[in-house]
Amino acid sequence: MAQATKTPAKGYAAHSATSPLEAWEFERRAPRPDDVSIDILYCGVCHSDLHFARDDWGMASYPVVPGHEIVGRVTSVGDQVSQYQVGDLVGVGCMVDSCRQCKACNDGLENYCAEGFVMTYGSPDKHDGTLTQGGYSDKVVVSERFVVRMPDGIDLKSAAPILCAGITTYSPLKHYGVKPGDKVGIIGMGGLGHMGVKLAKALGAEVTLFTRSESKKAEAKQQGADHVVISTSEDEMGAITETFDFMLDTVPVQHDINPYLNALKPDGTHILVGLLEPLDPAVSGANLVFRRRVLAGSLIGGMPETQEVLDFCAENGITCDVEMISIDQINEAWERMQKGDVKYRFVIDMASIKES
């Protein structure tokens, strides 16, 4: 067999924390025996893409091609690949490698790898040290273990954000045991929040959306929410004291979680999936101690669960609401995303990169 070689690729990259994304030609690494080579069809646009490229988290390296909600078609497979073949429709999410040896990895929780998982973009490759590059590009090469299969009948465009927004909300709902009849509050109505509403409803919960905006009421009901609470209304918040089993908090910026803790029943659980910064204002210990409440966090999901959420969405007809764009609209899309002007996820049609 001929030795594998690097492959020319086209993408859109940020070259600094302040520069716009622009066309960039680079090379994908030579495929290894366990690798799957993929032509990218669609890539979702996540708020994390912007945070990383703008170095908001202080961990960026440049140039970087963002994108970790990737759907594509297999073009070749390595000798050790057993699950995929040329022509298969597949997905790649937020991670592309891990140590594969720690307890978390052995339990299918690669997202909690003891050594830290390798991100789809902006992480050093464990084998050659080169920086990974993401899905705002025409192709990608990924180890079979970190590839998932697109279920039959799923809409490929709207499936792309399930690989981040979907798994981020599904994993905690499953892990903390949301079941039919539970009362679940979803805080925030963005890309994560609207998927949280749909998934919690499909799991049989009674779902309430918490939002600051009166205008979101009708939207929330259309997404399947049973109730909507305006979080800035003292009367509405006071009326739901100690009524919820779970709160799924998708808000990515600092906010006061004490009112939401008050809305939980004794033994209720508040789950953070959006906020990575310190909690501010501080959490009152009494809100936890006197009602034995739990304040928890959750980060995406492992590979088995990522396949599970795709299958669950296909079986239950759950899709992410998307707005399709071409790659040359990405900078405008990022500006709109910062303003909250998207319902609820941009997805790039990667056929457009051939003309860029």
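1. Strands here are DSSP runs of E, at least two residues long, and helices are runs of H or I, at least four residues long, both numbered from the N terminus. This is a predicted model, in which local features need pLDDT of at least 70 and side-chain atom pairs count only at pLDDT 80 or more, while totals for chains, interfaces and linings use all residues. Residues are numbered from 1 along each chain as its sequence is written, and side-chain values use heavy atoms, without hydrogens and water.

2. β11 and β12 (residues 227-230) run parallel, joined by 4 bridges. Two strands pair if DSSP finds at least two bridges between them. β11 also pairs with β10 (residues 183-187), again in the parallel sense, through 5 bridges. There, V184 is bridged to V207.

3. β10, helix α5 (residues 191-202) and β11 form a right-handed β-α-β unit. β11, helix α6 (residues 216-223) and β12 form a right-handed unit too. To check the hand, point the strands away from you: the path from the first strand over the helix to the second runs clockwise.

4. Is β11 enclosed or open? It is largely enclosed by the rest of the structure, because 5 of its 6 residues (206-211) are buried. Buried means under 20% relative accessible area, exposed over 50%, and partly exposed in between, with a 1.4 Å probe and protein chains only. In the chain, 54% of the 356 residues count as buried.

5. Now the cores. A nonpolar core is a set of buried Ala, Val, Leu, Ile, Met, Phe, Trp, Tyr and Cys residues joined through side-chain atoms within 4.5 Å. The largest one has 91 residues, and V45, Y136, L199, I330 and W334 have the most contacts inside it. Its largest share, 6 residues, comes from strand β3 (residues 35-45). Domain 1 (7-164 + 319-354) and domain 2 (165-297) each give this core at least three residues; the bounds come from an automatic or database domain assignment. Another core, of 13 residues, lies apart from it and includes I187 and M247.

6. Look at I330. Beyond its neighbours within four places in sequence, I330 is in contact (heavy atoms within 4.5 Å) with Y12, L21, V45, Y136, I325 and I348.

7. Last, the whole chain. Its secondary structure comes to 11 helices and 17 strands. The C-alpha trace spans about 70 × 40 × 40 Å along its principal axes.
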